Amino acid sequence: MAMTRYVVKFFKEVLGENGHEAEICQGQLDIDALNPLDAVERGKRKFCDDKRLAHWSLHADRVSVAETEYPS
């Protein structure tokens, strides 16, 4: 089965100096996977490995995934 390349991004809501919340990208990974759900799961594992985390949510509040224009 062919893999597709996805961009998986991890975002964190933070409070800025002006008192307003902002969403900051904590990391971005290119992941080859069978589908978007598989890409998110693979991305979470790699994010944890790269950052030496027990769980991805220690550094991010949400994950986004998008298919890239470039094949794997």
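Analyst: The discussion below starts with the overall fold and then turns to individual contacts.

User: What sort of model is it, and how are residues numbered?

Analyst: This is a predicted model, in which local features need pLDDT of at least 70, side-chain atom pairs count only at pLDDT 80 or more, and totals for chains, interfaces and linings use all residues. Residues are numbered from 1 along each chain as its sequence is written, and side-chain values use heavy atoms, with hydrogens and water left out.

User: How many bridges join E1 to E2?

Analyst: Twelve bridges join strand E1 (residues 4-15) to E2, and the two run antiparallel. Within this pairing, Lys12 stands opposite Ile24 in E2, and Val14 stands opposite Ala22 in E2. E1 and E2 form a hairpin with five residues between them, and Gly19 in the turn has a positive phi of about 85°.

User: And how many bridges are there between E1 and E3?

Analyst: E1 and E3 pair over six bridges, also in the antiparallel sense. Here Phe11 stands opposite Arg62 in E3.

User: Changing topic: how many salt bridges does a search of the whole structure find?

Analyst: The search finds six salt bridges. A salt bridge here is a side-chain nitrogen of Lys or Arg within 4 Å of a carboxyl oxygen of Asp or Glu.

User: Which residue forms a salt bridge with Arg5?

Analyst: Arg5 forms a salt bridge with Asp32, and their closest N and O atoms are 2.8 Å apart. Arg5 lies in strand E1 and Asp32 in strand E2, so the pair ties together parts that are 27 residues apart in sequence.

User: Are those two buried or partly exposed?

Analyst: Arg5 counts as partly exposed because its relative accessibility is 26%, and Asp32 is partly exposed as well, with a relative accessible area of 28%. Buried means under 20% relative accessible area, exposed over 50%, and partly exposed in between (1.4 Å probe, protein chains only).

User: Which residue in the helix pairs with Asp38?

Analyst: Asp38 forms a salt bridge with Arg42, the closest N and O atoms being 2.9 Å apart. Both residues lie in helix H1, four residues apart, which is about one turn of the helix. Asp38 counts as buried because its relative accessibility is 19%, whereas Arg42 is partly exposed at 30%.

User: What else does the side chain of Asp38 reach?

Analyst: The side chain of Asp38 reaches the backbone nitrogen of Leu34 at 3.0 Å.

User: Which residue meets Lys46 in a salt bridge?

Analyst: The side chains of Asp50 and Lys46 meet in a salt bridge at 3.2 Å, N to O. These two also lie in helix H1, four residues apart, or about one turn of the helix. Asp50 is partly exposed at 45% relative accessibility, and Lys46 is partly exposed with a relative accessible area of 37%.

User: Finally, what are the overall figures for the protein?

Analyst: Along its principal axes, the C-alpha trace spans about 50 × 25 × 15 Å. Of the 72 residues, 28% count as buried. Among contacts with a separation of 6 or more, residues 24 or more positions apart account for 54%. The accessible surface comes to about 5100 Å², of which 49% belongs to carbon and sulfur atoms; accessible areas come from the Shrake-Rupley method with a 1.4 Å probe, and for residues only the protein chains shown count as cover.

How values were computed
Pairing = 2+ DSSP bridges. Polar contact = N/O pair within 3.5 Å; in protein donor to acceptor, adjacent residues only side chain to side chain. Contact = heavy atoms within 4.5 Å.
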